[in-house]
Amino acid sequence: LIGYFGGNPFLHPPMIGFPALLSISLFGLSDFVLKISHFLIYSIFAFFIFSKLRTKYHEAISIIITLSLFSIPGVLYLGISYEQALWSMICFSIVIIEIQKNQIDYKKIFLIIVFFSFFRILSLAAITIVCFNILYKSKSLDQFIIETKILIKNSYPLLIILPFLIFSFFEKSTMTVGRLGIQFTELNFILFDLHKMIIESFHYIGSFVIYLFFLISLLNFKKNISILSFILVLIAIYSNVITSNSKYLYEILFPFLIYSILFDNLSFKIFNLKKFILFFLITVFSSNLILLKNFKKFCIDVENPMLEKHFYKVKFGCWFNDNHPFDLKKAYVFLNNQNDFNYKKLYVPGVYYGLLPTLINGIQMKDLKIHREINQNQNKLNLENNISWISADAKLINNDQRIKYVLISDMSNSIKLEADLINLGWKKIFNDIEKSFLTKISVLTKVE
């Protein structure tokens with residue numbers, strides 16, 4: 001219905017592209033400009049958390065805590081990539097902070113949730129912690145009913161997101177409710193898979209701090225029951241996909257870390273935990289810097305970590321990236337220096353946002369139409385021949401007389417495709433290995 005009347009049937013939230021649109025309009029299209037649009041949001045969020053920390057800790061300590069949290073490799077990755085999970089992570093953190101106030105402004109909270117839902121629909125899950133807060137803090141049934149009425153009365157901002165919500169949950173249910181599962185009820189998930197993924201995502205020291213804060217929260221169970229219930233709900237919502245991508249754990253556990261540092265009672269009758277927590281956070285910061293600076297040394301132990309099944313293999317505790325670390329700049333510079341090259345002859349198979357790599361690297365409008373047609377034709381042929389959308393077939397490429405160059409990088413079966421093209425008479429003219437991440441990029445040309 002939306003598409004019929006000229007609306008956008010895109011399954012992701014309507015404002016997801018706004019930061020890119022704004023930054024590109026001001027500074028032009030480039031990889032750096034796309035990343036800086038989200039990094040600016042990430043930096044503002046970091047300063048917001050720092051401003052909250054200053055109310056509880058000394059300024060120097062607040063700086064150390066902020067740097068420790070926001071230099072966590074996987075969390076930093078969300079901040080420098082165009083990833084929706086950043087928005088829900090920020091939303092959950094802000095809502096958690098808002099409900100700690102003595103006088104809770106429910107209308108403000110709903111406006112915050114609605115705003116972030118336009119960037120990531122699962123930001124709506126923040127409503128659950130507001131409900132838990134009322135449920136657990138109400139001292140009587142009458143107070144619960146009164147607070148619930150106030151909550152419902154102030155929830156009308158949600159009507160703004162309702163049309164997209166209906167569209168996402170019904171028309172595009174495979175990407176929303178279709179991802180919900182019951183893995184959280186399985187013993188293996190509870191005892192092994194979840195904990196393995198936490199260590200994979202946060203490394204050893206970071207995951208130790210998370211478990212330490214969970215222990216502290218359990219010791220203050222009555223005070224922390226709302227946040228603990230919220231974490232359990234998020235784990236249940238994401239359980240079907242949580243072991244396939246580390247970004248989901250950053251959405252869930254990073255707000256928990258912020259809550260624990262800001263609001264958990266770290267002083268007990270026997271001893272004060274603040275000094276120990278500060279020590280561990282300094283250790284986390286040091287560990288983060290070492291991992292970021294020496295990723296290849298500490299996280300890669302194979303010559304070619306990019307496997308044929310389109311999986312980037314790293315050591316245990318180093319699963320920080322969602323996308324794979326390819327840098328196509330050198331390959332495009334090489335192609336543009338070839339005398340007979342133009343983009344009408346190029347095909348770039350793999351996992352990209354359409355033609356984005358080519359658009360970033362200097363294609364002219366006169367070449368765009370044919371370049372797009374080549375891409376669309378190969379996608380269609382792949383679908384007809386049961387070939388994965390993240391792969392390609394050498395024979396199908398070879399049969400298209402328009403294609404003279406193929407850039408191979410972020411795709412499944414890349415080694416096979418390269419070998420098959422060479423067997424069909426193609427020649428490799430460019431080969432590059434990224435120094436920090438050991439990802440391989442190659443360019444082949446058709447020999448007439």
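The following questions and answers concern a predicted model.

The model is predicted, so local features need pLDDT of at least 70 and side-chain atom pairs count only at pLDDT 80 or more, while totals for chains, interfaces and linings use all residues. Residues are numbered from 1 along each chain as its sequence is written, and side-chain values use heavy atoms, leaving out hydrogens and water.

User: At what angle do helix 4 and helix 12 pack?
Analyst: Helices are DSSP runs of H or I with at least four residues, numbered from the N terminus. Axes are lines fitted to C-alpha atoms over the stretch in contact (heavy atoms within 4.5 Å), and angles run from 0 to 180 degrees between N-to-C directions. The axes of helix 4 (residues 73-80) and helix 12 lie 10 Å apart, and the angle is about 105 degrees.

User: How are helix 4 and helix 12 therefore oriented to each other?
Analyst: Angles under 35 degrees count as roughly parallel, over 145 as roughly antiparallel, 65 to 115 as roughly perpendicular and the rest as oblique. Helix 4 and helix 12 are therefore roughly perpendicular.

User: Is Phe-47 buried or exposed?
Analyst: Buried means under 20% relative accessible area, exposed over 50% and partly exposed in between, with a 1.4 Å probe and protein chains only. Phe-47 lies in helix 2 (residues 31-53), as does Phe-50. Because its relative accessibility is 54%, Phe-47 counts as exposed.

User: Is Phe-50 buried or exposed?
Analyst: Phe-50 lies 3 residues from Phe-47, about one turn of the helix. With a relative accessible area of 12%, Phe-50 is buried.

Methods
Helices (H or I, at least four residues) and strands (E, at least two) are DSSP runs, numbered from the N terminus.
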